[in-house]
Amino acid sequence: MDILQLKDKNVIVMGVANDRSIAWHISKALFDAEAHIIFTYRKERSLSKLTKLLADYDDSRYSIVQCDVNSDDSMTEAFTSIGEKYGTIQGLVHSVAFAHAEDLKNRFVETSRDGYAFAQDTSAYSLIKAAQLVRPYMTEGGSIITMSYLGAERVLDGYNVMGVAKAALEANVRYLASDIGQDNIRVNAISAGAIKTLAAKGVPSFNKILNKIEEAAPLRRNITPQEVANMSVVMLSALSTGVTGEVIHVDAGYSILGI
Ligand SMILES: NC(=O)c1ccc[n+]([C@@H]2O[C@H](COP(=O)([O-])OP(=O)(O)OC[C@H]3O[C@@H](n4cnc5c(N)ncnc54)[C@H](O)[C@@H]3O)[C@@H](O)[C@H]2O)c1
């Protein structure tokens, strides 16, 4: 029985930069579920990494489109071309975030107006714009997921302006879920535990965080990217049709702890 019901479904995946990207792990799980993937990338460097990663996959299973989430024109062009080519889209993975390094390194109180706006635009507003642009093509209903982090809910050393952007992202999930639920489109966030990726390198205290989680989390370990990918597939699939507006923690239980 095909319980996932993702076979031949069109899923847009935003945010593969390299083989460590959470979005790449999700993509491998989606390929296993026989979905068709439309990748979006920002920089040529990501395109060349993506092309290499996809070398072993049948090119009828995917396509690749450029999309810079800081630009309305780029996003509109990307989603229009995807929609015109594929007609119906069933899933969207938003796995994109960015903040200036100085806004993560400096004290939070030093956050600049530009740095704040840039982190919000890239990491939180981009979900609203993506939902706005994909909605016309989710004619059979759909599922949108985004990646959040505990820094949205708690103060984590060095996460600073990105924590505030993730708080906005999680609120966006609830407002979007409420607004487009009537179109049978679900919107959920996965709050992932710490994973060593390119984006994580920007967080100065990252190794300290990994050690602390291993010591204290209920499961006494860090999570694997595959665990985030598995939950992502669940949230994109027919297994989760009753769930929307949620933030699902895949974090070895760390977020339930007090001190
Ligand atoms: N790694 C972790 O520990 C962790 C934990 C929880 C949540 N997350 C979140 O997961 C998501 C994916 O991050 P990752 O850890 O896989 O790192 P990553 O660096 O592999 O992915 C981040 C992606 O964002 C893309 N991006 C940044 N600015 C963009 C723009 N203007 N337009 C288009 N794309 C842009 C990058 O190209 C990259 O592909 C992010 O939202 C991140 O905050 C990561």
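View 1. In total, 28 residues surround the ligand, each with a heavy atom within 4 Å of it. The closest are S21, I22, K166, I195 and T197. As you look, keep in mind that this is a predicted model, in which local features need pLDDT of at least 70 and side-chain atom pairs count only at pLDDT 80 or more, while totals for chains, interfaces and linings use all residues. Residues are numbered from 1 along each chain as its sequence is written, and side-chain values use heavy atoms, with hydrogens and water left out.

View 2. Which element gives the most to the shell around the ligand? That is α7, with three residues. Both β5 (142-148) and α7 (198-201) supply at least two residues each. Helices (H or I, at least four residues) and strands (E, at least two) are DSSP runs, numbered from the N terminus.

View 3. An N or O atom in the side chain of S21 is 2.6 Å from an oxygen atom of the ligand. For D68, a polar side-chain atom lies 2.9 Å from a ligand nitrogen atom, and for N70 the distance from a polar side-chain atom to a nitrogen atom of the ligand is 3.0 Å. Taken alone, the ligand exposes 820 Å², and the protein buries 94% of that (Shrake-Rupley method, 1.4 Å probe).

View 4. You will find N10 in strand β1. Is N10 buried or exposed? With a relative accessibility of 10%, N10 counts as buried (buried means under 20% relative accessible area, exposed over 50%, partly exposed in between; 1.4 Å probe, protein chains only). A polar atom of the N10 side chain lies 2.9 Å from the backbone oxygen of T88.

**View 5. D8 and A252 have positive phi values.** Neither residue is a glycine: phi is near 65° for D8 and near 55° for A252. D8 lies in the segment before β1 (10-14) and is partly exposed, with a relative accessible area of 47%. A252, in contrast, is buried at 8%, and sits in the segment after β7 (247-250).

Definitions and conventions:
Polar contact = N/O pair within 3.5 Å; in protein donor to acceptor, adjacent residues only side chain to side chain.
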